[in-house]
Amino acid sequence: MNSVDGQMPEESLDPADWQAMRALGHRMVDDMLNYLQTVRERPVWQPIPEEVKTHLKQPLPVEPQGPEQTYRDFLEKILPHPMGNIHPRFWGWVIGTGTPLGALAEMLAAGMNPNLGGAEHVANHVERQAVAWCKEMLGYPAEASGLLVSGGSMANLVGLTVARNAKAGFDLRRQGVQGAPKRLTLYGSQEMHSSIQKGVELLGLGSDSLRHVPVNADYQIEVTALDAAIARDRAAGMQPFCVIGNAGTVNTGAFDDLARLADICQREGLWFHVDGAFGALAALSPALRHLVAGMERADSLAFDLHKWMYMPYEAGCALVRREEDHRRAFALTPEYLTHGGERGLAAGSQWFSDYGIQLSRGFRALKVWMSIKEHGIRKYGRLIRQNVEQARYLAGLVDAAPTLERLAPVPLNIVCFRYKADHLDEAALNRLNQEILVQLHESGIAVPSYTTLNGKYALRVAITNHRSRREDFDLLVREVMRLGSAILIAG
Ligand SMILES: Cc1ncc(COP(=O)(O)O)c(C=O)c1O
């Protein structure tokens, strides 16, 4: 670019042609809404063509390609090769679907582009309201503190950090875990999610300090074994400090007896953290609420909005019963971030950066706030119940099919089953079911995931999908039986 008067001309990233950008934006909205409206007509997932992977190894663009070409590349190379989780027959891992208004809210949030680390601007008030609604809908105390985070893993990390610091009995922030006179230990069931272990490792506690307590036939923590583990560790000179309760385990959707765990924590002086990544949301349905009894007594609670409230990624929430514990674990205010005054943009004492790990934070609260307003909490409760009813329906189909075998109880929204053939041993059955799963994925028919239960490879259907219908489960069962017998015949 030529300079005038020896000075570099000033530039910005705004469009040279606002009218063209407006037209492109309108097209994007139309394309995306069409894409969502017609999702059922497409395969759930397809392997990514080599040509696309090669395209995505192109070198760093140095010169501008412009918005039109960039969007064309998106339409050709990216949009046709999705994960599939917005599809009605996606039931892999525990993955949500998103909604049209949720997607539009993301655009609005990015347009405003505020930083929710702190300061006196309206986005922070939106997040405060969203967190307050979360507490209310889960029956958690209104005076608790909380913040929106990237997801369940981060919410668990926040809860465990507060637990560790509050229960250490010394100034852990200053001395670190090296300052602990006794080894700090914590407890959860064998069915705990891996994010708990990751958190424990990140907190410097060491995964050996995390006790994996056995479960009963319903995959719930054995409370007597928990009592014994705590007593054993105390006798060995360790310092038990936290119990993790599961509200919906990742493998089978099991709920620990949260009220019993709360009693144990109260008696033993331990922190009670609940991982309710998806199961906590059972509280939204009057018919399912009994499953989470005791959850309201947790010292900290982690759950997701991008799973069973179907909001676009990323949206999780961490709640902590006593605000002072929460703040003490995270608040750190250098001079340049001083706040608490009454006037100006830097006013206000409640900055979200004092309650979590991030300083700069995006406006994920907007999609939460808009989604809850759009649908109202009752509808979410009905959809959660619908998914549970669909899981029961699928379990019924599996139980009625002579060549299928259910491998776990179905307390919530997860069904684990396999194709069975009496003449095959366990290893051959595992291989057969692995092949069925891959063919289901590659054909684009459906996406369950997998797990292993007592050594048996299971097709695992986790339903956090507001688009699924009963007919989708009929199709799944038909296809698993068809593929199973076809693979056996092909030898
Ligand atoms: C029980 C449980 N806890 C924690 C997580 C982690 O949540 P996220 O994937 O949102 O980090 C999951 C994810 O599936 C989960 O099922």
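Gly-491 is exposed, with 4 other C-beta atoms within 10 Å, where exposed stands for 12 or fewer such neighbours, buried for 20 or more, and partly exposed for the range in between, with C-beta atoms placed from the backbone. The structure is a predicted model, in which local features need pLDDT of at least 70 and side-chain atom pairs count only at pLDDT 80 or more, while totals for chains, interfaces and linings use all residues. Residues are numbered from 1 along each chain as its sequence is written.

Gly-491 belongs to the segment after helix H15 (470-490), helices (H or I, at least four residues) and strands (E, at least two) being DSSP runs numbered from the N terminus. Between the C-alpha atoms of Gly-491 and Tyr-419, which are 72 residues apart along the chain, the separation is 15 Å.

**Domains and core**

The domain assignment, which is automatic or taken from a database, divides the protein into domain 1 (19-83), domain 2 (105-375) and domain 3 (379-490). The C-alpha centres of domain 2 and domain 3 lie 32 Å apart, and 22 residues of domain 2 are in contact with 17 residues of domain 3, a contact being a pair of C-beta atoms, placed from the backbone, that lie within 7 Å. On the domain 2 side, the residues that touch domain 3 comprise 13 nonpolar, seven polar and two charged ones; in this classification Ala, Val, Leu, Ile, Met, Phe, Trp, Tyr, Cys and Pro are nonpolar, Asp, Glu, Lys and Arg are charged, and the others, Gly among them, are polar.

The largest nonpolar core has 129 residues, and those with the most contacts inside it are Ala-280, Leu-281, Cys-317 and Val-415. Helix H13 (residues 377-400) gives the most to this core, with nine residues, and the core draws at least three residues from each of domain 2 and domain 3. Such a core is a set of buried Ala, Val, Leu, Ile, Met, Phe, Trp, Tyr and Cys residues joined through C-beta atoms within 7 Å. Leaving aside neighbours within four places in sequence, Cys-317 is in contact with Val-131, Cys-134, Gly-146, Leu-148, Val-149, Ala-155, Phe-303 and Leu-305.

**A helix crossing**

Two packed helices are described by the angle between their axes and the distance between the axes. The axes of H6 (residues 152-167) and H11 (residues 323-330) come within 9 Å and cross at roughly 95°, the axes being lines fitted to C-alpha atoms over the stretch in contact, with angles running from 0 to 180 degrees between N-to-C directions. H6 and H11 are therefore roughly perpendicular to each other, a description that covers 65 to 115 degrees, whereas angles under 35 degrees count as roughly parallel, those over 145 as roughly antiparallel and the rest as oblique. In this crossing Thr-161, Val-162, Asn-165 and Ala-166 of H6 meet Asp-325, His-326, Arg-328 and Ala-329 of H11, and by class the contact has three nonpolar, three polar and two charged residues.

**Backbone geometry in loops**

Most residues other than glycine have a negative phi, and most peptide bonds are trans.

| Item | Backbone value | Location |
|---|---|---|
| Tyr-310 | phi of about 60° | loop between S7 and S8 |
| Tyr-313 to Glu-314 | cis, omega near -5° | Glu-314 in the loop between S7 (300-304) and S8 (316-320) |

Asn-113 counts as exposed, with 9 C-beta neighbours inside 10 Å, whereas Tyr-310 is buried, with 23 other C-beta atoms within 10 Å.

**Two further positions**

Ser-360 lies in the loop between H11 and helix H12 (365-375) and is exposed, with 8 other C-beta atoms within 10 Å. Ser-360 and Asn-115 are 245 residues apart in sequence and 5.8 Å apart in space, C-alpha to C-alpha; not counting residues up to four places away in sequence, Ser-360 touches Asn-115 and Gly-117.

Ala-225, in helix H9 (residues 223-235), counts as partly exposed, with 17 C-beta neighbours inside 10 Å. Beyond its neighbours within four places in sequence, Ala-225 is in contact with Val-213 and Pro-214, while the C-alpha atoms of Ala-225 and His-441, 216 residues apart along the chain, are separated by 40 Å.

Terms used: Contact = placed C-beta atoms within 7 Å.
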